[in-house]
Amino acid sequence: MKPLIVVLLGLLMGAKAMAADIAVFSGDGSPPKMYVQEGKNRGILIDILHYAEQQLQEDRLRLALYPWARAYLQASAGDGGIVGLSWTRRRDDLFDYSAPFFFDEVVIVVRRGHEFPFKTLSDLRGKRVGVVRGASYGEAFERAQNTKLFVADADNGARQRLQKLVAGRIDCALFNVGKAGFEETLRIHKEFMPYKDALVVLPVPLRSDPNFLAFPKNMQMRPWLDRFNQVIKRGYTRGDIPKIIAQNLRS
């Protein structure tokens, strides 16, 4: 019996040794998608990652939320993955991407009385637009920004963007997860609730932005991402992930 016990212990220890402790970075100031509140990591993408971690069982995701520019820098340096990343050709050379697992409707918010018709990026001509520092809103947005069609005024999170918007220091600002997401952002940053009726979400969003989990190519995480994709697909089919999204939007 002793040899059998030794073999079983060896198998168990080997299985434990194969378990992965995976670092994943994200932004800390983009509610309700990913943010820190009262010292805790919160948001739609964070809860989806916790769900995937439970399904994958043997792997532990070690989440670290920072201002987005720092999170991206850490991931691009090879220190871990990054969640909430948008796809661009430049980034595709650096990262292996999951399948898209959340679609973020990026909306444009203005002060009441300063609304303007928006259908295409050209409608932002001459405006000062509040954005997350280091974030990408798609290649077309980046091209328009580089040609000085508008000025991108960068910040480290939703609180700073709201401060600038209500003070009139920017013409408009971009926020995540549609009108419902913006309203949840105001609930999270309670100090701005008195301005709720003074801020307007324009009816046409900037874009519907697919969000990904991505890892630097040198980490060789493609097989792991394939497993992650399967978990996410099952989570949507079962209704588990739509429930997570709804809970974060209080709907």
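Reader: What makes the contact between Asp96 and Lys217 a salt bridge?

Author: The term asks for a side-chain nitrogen of Lys or Arg within 4 Å of a carboxyl oxygen of Asp or Glu. Asp96 and Lys217 have N to O at 3.0 Å, so the pair qualifies. Asp96 sits in strand 7 (residues 95-97) and Lys217 in the loop between strand 13 (207-216) and helix 8 (222-238), so the bridge ties together parts 121 residues apart in sequence. Helices (H or I, at least four residues) and strands (E, at least two) are DSSP runs, numbered from the N terminus.

Reader: Why is Asp96 called buried?

Author: Its relative accessible area is 14%, and the label applies under 20%.

Reader: What about Asp155 and Arg161, buried or exposed?

Author: Asp155 is buried at 0%, and Arg161 is buried too, at 2%. Their side chains meet in a salt bridge at 2.9 Å, N to O.

Reader: How do you know which label Asp209 and Arg207 get?

Author: Asp209 has 5% relative accessibility and counts as buried, while Arg207 has 25% and counts as partly exposed. These two form a salt bridge as well, with the closest N and O atoms 3.0 Å apart.

Reader: How many salt bridges are there in the whole structure?

Author: A search finds 14. Asp21, Arg60 and Arg62 are linked in a network of them.

Reader: What covers the buried residues of helix 7?

Author: The cover includes strand 3 (34-37), strand 8 (102-111) and helix 9 (240-248), among others. Helix 7 spans residues 178-188, and its buried residues include Phe182, Leu186 and Ile188.

Reader: Which residues have pLDDT under 50?

Author: Residues 1-17 do. pLDDT is the predictor's confidence in each residue, from 0 to 100. Where it is low, the predicted coordinates should not be read in detail. For the protein chain, the mean is 92.

Note on methods
Residues numbered from 1 in each chain as written. Predicted model: local features only at pLDDT ≥ 70, side-chain atom pairs only at ≥ 80, totals over all residues. Heavy atoms only, no water. Buried < 20%, exposed > 50% of the residue type's maximum accessible area, 1.4 Å probe, protein only. Contact = heavy atoms within 4.5 Å.
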